[in-house]
Amino acid sequence: YHRDKDLGHHFGMDVGGTLGKLVYLEKDAVELGEVHEYLIENDKYGKSAQRDANMMLQVPGGHIHFLRFETTKLEQVVEFVLHRCFHRDIRTMPCTGGGAFKFSKLFEDHLGINLQKCDELSCLIQGLSFVMRHVPDECYTFKNVSMNHQGMGQATKTIIHTPASELYPFLLVNIGSGVSILKVSSETEYTRVSGTSLGGGTYLGLCKLLSKYKSFDEAMDASIVGDSNTVDMTVGDIYGGGYSQFKLSADTLASSFGKMGTKYEPKVGVRDEDVARSLLIMITTNIGQVAYLSALRSNTQRIYFCGNFLRQNEIASRQLAYAIDYWSKSKMEAQFFHHEGFFGALGALLAHNP
Ligand code: ADP
């Protein structure tokens, strides 16, 4: 085949345990025909996939578009591409995440597309470096974090620009289905310092198991209105007030879901919203703790959080900002990204478009 005819290098894919992420590079001078029109004219593709239009990036010579789908729907996505003949001019496609391995035969057999496997952590850091260098308002934090442990309270969302010379080293906490924690010393030097299996997949899994919510977005909406105090045990529940010797206020979380263990009929008086909220606080608190300890151990002051668990999840990001500020006595700072879930896919795209 003719290299110019292979349009696969316009894409970068990241197929994780829960979500597949696809970025599409629209080049001003290149005609992608039907595929392009279909991708750009819609932002929902059947029931299986969607585009985050507000994430589109303008880059020299084109635009980058951001799409996602559930990994369990990948087979439907492949069938759909086949049906519409969208794969016609695509021979190879850079892909990262476990799916690059797990689904390579599916792509080869059904679409004749060869998935070019790219390392997940390397792609993550390449994608992240790219947005830090080229996207002005990408990073933000929450200033004046005066909150309680449940992430309630006032804090102003503030855009942050860190000069390239002050960037490294930093800690990167990627909250996907599970959590990976990396110390990044330069664009090419990084080590995986820690991780935890209690991640976004745990939150979503337990939500589905313990409440009526069927999707992440539903669970997130419910979490916003839920009250975790009907489920959790606080210092106040145990002491009847604060624990003054250690300056623990009465509302300090002592035991996630603890109240449920002391009730004869735990479900009475507890709403699904409360369960969703409590799960969110439980998972986030634990990640904040592991992140803080990892930052201490690896001597980093800045902690970047990414991954789709933080997608439209201001409760978690505010709580993480608070936790890092609190535990470090304001010596460390948590930061977040507008394109939080797409760095792996971006990195895969960049690997073939340096
Ligand atoms: P992975 O690569 O492991 O799939 P992601 O960074 O894509 O990881 O994050 C997956 C997590 O993001 C899920 O476990 C869930 O907590 C959260 N999430 C955010 N939006 C969605 C969604 N639309 N569907 C499912 N999970 C979502």
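**Loop features and the ligand site**

P169 sits in the loop between β10 (153–159) and β11 (170–175). Strands (E, at least two residues) and helices (H or I, at least four) are DSSP runs numbered from the N terminus. The model is predicted: local features need pLDDT of at least 70 and side-chain atom pairs pLDDT 80 or more, while totals for chains, interfaces and linings use all residues. Residues are numbered from 1 along each chain as its sequence is written, and side-chain values use heavy atoms, without hydrogens or water.

**Backbone in the loops**
- Y168 and P169 are joined by a cis peptide bond, with omega about -5°.
- F257 is not a glycine, yet its phi is positive, about 65°.
- F257 lies in the loop between β15 (253–255) and α9 (258–262).
- Q312, also not a glycine, has a positive phi near 45°.
- The loop that holds Q312 runs between β16 (302–306) and α11 (314–327).

**The shell around the ligand**
- The ligand is surrounded by 17 residues (a heavy atom within 4 Å).
- The closest are T18, L19, K21, S177 and R311.
- By class, the shell has four nonpolar, nine polar and four charged residues (Asp, Glu, Lys and Arg count as charged; Ala, Val, Leu, Ile, Met, Phe, Trp, Tyr, Cys and Pro as nonpolar; the others, Gly among them, as polar).
- β2 (19–27), α6 (200–210) and α7 (216–225) each supply at least two shell residues.
- α6 gives the most, with three residues.
- Domain 1 (3–125 + 343–351) and domain 2 (139–231 + 270–337) each provide at least three shell residues (bounds from an automatic or database assignment).

**Polar contacts and burial**
- A ligand oxygen is 2.9 Å from a polar backbone atom of L19 (polar contact: N or O atoms within 3.5 Å).
- A polar backbone atom of G200 lies 2.9 Å from a ligand oxygen.
- For F309, the distance from a polar backbone atom to a ligand oxygen is 3.3 Å.
- Alone, the ligand exposes 570 Å², and the protein buries 90% of that (Shrake-Rupley method, 1.4 Å probe).
- The ligand takes up the space of the largest pocket (on a 1 Å grid over the protein atoms alone, an open set of points with protein on both sides within 12 Å along at least five of seven lines; a molecule sits there if more than half of its atoms lie within 2 Å of the grid points).

Technical notes: A polar contact is a pair of N or O atoms within 3.5 Å; within protein, one must be able to donate a hydrogen and the other to accept it, and residues adjacent in sequence count only if both atoms are side-chain atoms. On a 1 Å grid over the protein atoms alone, a cavity is a set of points where a 1.4 Å probe fits but cannot get out, and a pocket is an open set with protein on both sides within 12 Å along at least five of seven lines; lining residues have an atom within 4 Å of a point.
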